[in-house]
Amino acid sequence: MKTLADLILLGDPRLYEVCAPVLPEEHQQLLGWVADLDNVMQEVRTKYGFGRAIAAPQLGIMKRLIYMNIDRPVVFINPELVNLSEETFELWDDCMSFPNLLVKVKRHKSLVIKYMDENWQPQEWLMEDALSELLQHEYDHLDGILCTMRAIDAQSFRWRPTPSK
């Protein structure tokens, strides 16, 4: 089982690689990958107080796989983003691979994500606002793009305030 110690951090060249599709014959490995993603996300939540989704390459699994757990677990296999809105918004983005840094980025207000679920069934989901932003962030990881590369300008970086205990 992968742990927080396995999380790939900013500067690791694997974070800049484009991931390969998950193949149908890898379905058996998928359960282990998802368990690893869930475990590390829970550890990030405990340590840093944030974490709604994680992309497989953040654990060195160089596959097009995203795991999200907000109110229930959702597995996005080989996702594709379509119908990105022209309307955008700005926000301070965070990332498990550099948990103390916030980056101001611009994201599409809405999109449709097409993907295979854990049962290898095709799905589509219209996402807006916070979910749209979240999936754009995770999808970027699959293409080797970090939010640091999408910063609005040179002043779009700040340290995350340390939570008081």
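Two strands count as paired here if DSSP finds at least two bridges between them. Helices (H or I, at least four residues) and strands (E, at least two) are DSSP runs, numbered from the N terminus.

What you're looking at is a predicted model, where local features need pLDDT of at least 70, side-chain atom pairs count only at pLDDT 80 or more, and totals for chains, interfaces and linings use all residues. Residues are numbered from 1 along each chain as its sequence is written, and side-chain values use heavy atoms, with hydrogens and water left out.

**The five-stranded sheet**

- Five strands make up an open sheet, running in the order β1-β2-β3-β6-β7 with antiparallel pairing.
- At the edges sit β1 (53-55) and β7 (122-128), and each of them pairs on one side only.
- From one strand to the next, the twist averages 35° (axes are lines fitted to C-alpha atoms, for helices over the stretch in contact, and angles run from 0 to 180 degrees between N-to-C directions).
- Helix α1 (residues 27-48) packs on this sheet and touches β1, β2 (65-69) and β3 (73-82), its direction making about 50° with that of β2; contact means heavy atoms within 4.5 Å.
- Leu 31 belongs to helix α1, and it is exposed, with a relative accessible area of 63% (buried means under 20% relative accessible area, exposed over 50%, partly exposed in between, using a 1.4 Å probe and protein chains only).
- Leu 31 and Leu 131 are 100 residues apart in sequence, and their C-alpha atoms are 24 Å apart in space.

**A closer look at β6**

- Strand β6 (residues 110-116) pairs with β7 in the antiparallel sense over seven bridges, and β3 pairs with β6, also antiparallel, over four bridges.
- Met 116 has Pro 122 as its bridge partner in β7.
- β6 is mostly covered, since five of its seven residues are buried.
- The hairpin of β6 and β7 has five residues between the strands, and Trp 120 there takes a positive phi near 60°.
- Asp 117 is found in the loop between β6 and β7.
- Asp 117 is buried yet has no salt bridge, and the nearest side chain of opposite charge, Arg 72, is 8.6 Å away (Lys and Arg count as positive and Asp and Glu as negative, while His and the chain ends are not counted).
- Leaving aside neighbours within four places in sequence, Asp 117 is in contact with Val 75, Ile 77 and Gln 123.

**The three-stranded sheet**

- A second open sheet has three strands in the order β4-β5-β8, with antiparallel pairing.
- β4 (88-93) and β8 (157-159) stand at its edges with a single partner strand each, so one side of each has no neighbour in the sheet.
- Neighbouring strands of this sheet are turned by 30° against each other on average, direction ignored.
- Strand β5 (residues 101-108) runs antiparallel to β8, joined by three bridges, and Val 103 has Phe 157 as its bridge partner in β8.
- Helix α2 (residues 129-142) lies across β4 and β5, running at about 110° to β5.

**Salt bridges**

- The whole structure has ten salt bridges, each being a side-chain nitrogen of Lys or Arg within 4 Å of a carboxyl oxygen of Asp or Glu.
- Arg 14 and Asp 12 form one of them (2.7 Å, N to O), and Arg 14 is partly exposed at 36% relative accessible area.
- Asp 143 and Arg 64 meet in another (3.0 Å, N to O).
- Asp 143 lies in the loop between α2 and β8 and Arg 64 in the loop between β1 and β2, so this pair ties together parts 79 residues apart in sequence.
- Arg 107 forms a salt bridge with Asp 93, with the closest N and O atoms 3.1 Å apart.
- That pair links strand β5 (Arg 107) to strand β4 (Asp 93), 14 residues apart.
- Arg 107 is buried at 3% relative accessibility, and Asp 93 is buried with a relative accessible area of 3%.
- Salt bridges that share partners join Asp 93, Arg 107, Asp 140 and Arg 150 into one network.

**Cysteines**

- The disulfide count comes to zero, a disulfide being a pair of cysteine sulfur atoms within 2.5 Å.
- The sulfur of Cys 147 is 5.5 Å from the closest cysteine sulfur, in Cys 95, so the two are too far apart for a bond.
- Cys 95 is buried, with a relative accessible area of 1%, and Cys 147 counts as buried at 2%.
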